[in-house]
Amino acid sequence: MAEFLWVIFPYLSLTVMLLGSLYRLVFRPLTWTARSSEWLEKKWLRWGSLLFHWGMLFVVGGHVMGLLIPMSWYTAMGVRPELYHLMADSAGGVAGLVTWLGSLILLVRRLGNRRVRRNSSFGDFLALGLLFVTITLGDAETLIRNNLVGPYEYRATVGPWARELLLLHPNAQFMVHVPLLLQIHIVFAFLVFAVTPFTRLVHVWSLPVRYPWRAPMQYRRRGDSWHTTR
Ligand code: HEM
C-alpha cells in the first residue's frame with residue numbers, strides 16, 4: 001500500500017499531468033484557457049480570484065522553502081527548528097487562510113450563482129472542489145493540528161521524500177509515519193495535479209506570476225493576432 005501511495009500513484013499523477021498537458025498544447029491549442037466566467041459574474045470573481053491567486057503565490061513559495069530546501073541548510077544558517085516553525089506556521093497560516101477564503105468564495109459563487117453554475121462543466125467543479133479540499137486539509141494541518149499537538153517536522157520526512165521523488169529514487173518509508181491529515185492532503189494534491197490537463201487549471205503553465213495583477217478576462221485590440229482568456 002505504501003509503495004502504491006507514495007511511489008506509483010505520485011508518478012502516475014505527474015505523468016498524466018505532463019503528457020496530458022503536452023497533448024492539449026499540441027492537439028487542442030485553442031482550448032488552452034482558464035475559460036474566465038467574468039462575463040457571467042464579476043464582483044465575487046474579483047474578490048475570490050484575487051485572494052486565491054495572491055494566497056497561492058505565497059503558499060507555493062512556502063512549499064518550496066519547506067520541502068525543497070533541506071533541513072541541514074536551515075541549521076547551517078543558524079535557523080533553529082522552533083524559529084523555523086514559528087515563521088512557517090504564522091506566514092503559512094496567513095497565506096493558507098487567504099487562499100482558503102479565496103477558494104471558498106470561488107466555490108460558493110460557482111455553485112450559488114445560477115448563470116455561472118449553468119455554464120460550468122464537470123471539470124470546473126472537479127478542479128475547484130479538489131483544490132478546496134486540498135487547501136482545507138493543508139490549513140487544518142498547519143493551523144489546527146500543529147497548534148493542538150505541536151509542530152510536525154515535515155522537513156525530516158515529507159521533504160526528503162518529495163526531493164527523492166523528483167530525483168527519481170523515491171523512498172516510501174519516509175511517508176509511512178506522517179500524520180494522516182498531511183498524508184490525505186498530499187494525496188489530494190496529486191489528484192489536483194492529475195486533473196490539471198483536463199480542466200481550466202491547465203492555465204497554471206501560462207506564466208501564473210502575472211495573474212494577480214491582470215484582469216480576469218483578456219481582450220484583444222482589433223487586428224491583434226493572439227489573445228487569451230482565463
Ligand atoms: C495543489 C497542490 C497543493 C496545495 C493547493 C496545497 C495547499 C496547502 C496549504 C494551503 C497549506 C497550509 C498553509 C501553508 O502551510 O502553506 C499546506 C501545507 C502543507 N502542505 Fe500543501 N498544498 C499542495 C501540495 C502539496 C504537496 C504536493 C505536498 C508534499 C509533497 C504538500 C505538503 C504540505 C506540507 C508539509 C504542509 C505544511 C504542514 C504543516 O504546517 O505541518 N502540499 N498546503
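Q: What makes a residue count as buried here?
A: A residue is buried if 20 or more other C-beta atoms lie within 10 Å of its own. Keep in mind that this is a predicted model.

Q: OK, how much of the chain is buried?
A: Buried residues account for 24% of the chain's 230 residues.

Q: How many helices and strands are there?
A: The chain has 8 helices and 0 strands. Along the sequence, the pattern reads α-α-α-α-α-α-α-α.

Q: What about contacts between residues at least 6 apart in sequence? How many join residues at least 24 apart?
A: Of those contacts, 81% link residues at least 24 apart.

Q: New topic: the ligand. Which residues come nearest?
A: There are 26 residues around the ligand. Of these, G92, G96, G138, T142 and A189 come nearest.

Q: Which elements give two or more residues to that shell?
A: They are α2 (43-68), α4 (81-112), α6 (122-149), α7 and α8.

Q: And which one gives the most?
A: That is α6, with 8 residues in the shell around the ligand.

Q: What classes of residue are in the shell?
A: The shell has 13 nonpolar, 11 polar and 2 charged residues.

Q: What about its phi?
A: L168 has a positive phi of about 70 degrees, although it is not a glycine.

Q: Is L168 buried or exposed, and why?
A: L168 is exposed, because it has 7 other C-beta atoms within 10 Å. The cut-off for exposed is 12 or fewer.

Conventions:
Residues are numbered from 1 along each chain as its sequence is written. This is a predicted model: local features need pLDDT of at least 70, side-chain atom pairs count only at pLDDT 80 or more; totals for chains, interfaces and linings use all residues. Helices (H or I, at least four residues) and strands (E, at least two) are DSSP runs, numbered from the N terminus. Two residues are in contact if their C-beta atoms, placed from the backbone, lie within 7 Å. A residue is near a molecule or strand if its C-beta atom, placed from the backbone, lies within 6 Å of it. Ala, Val, Leu, Ile, Met, Phe, Trp, Tyr, Cys and Pro count as nonpolar, Asp, Glu, Lys and Arg as charged, and the others, Gly among them, as polar.
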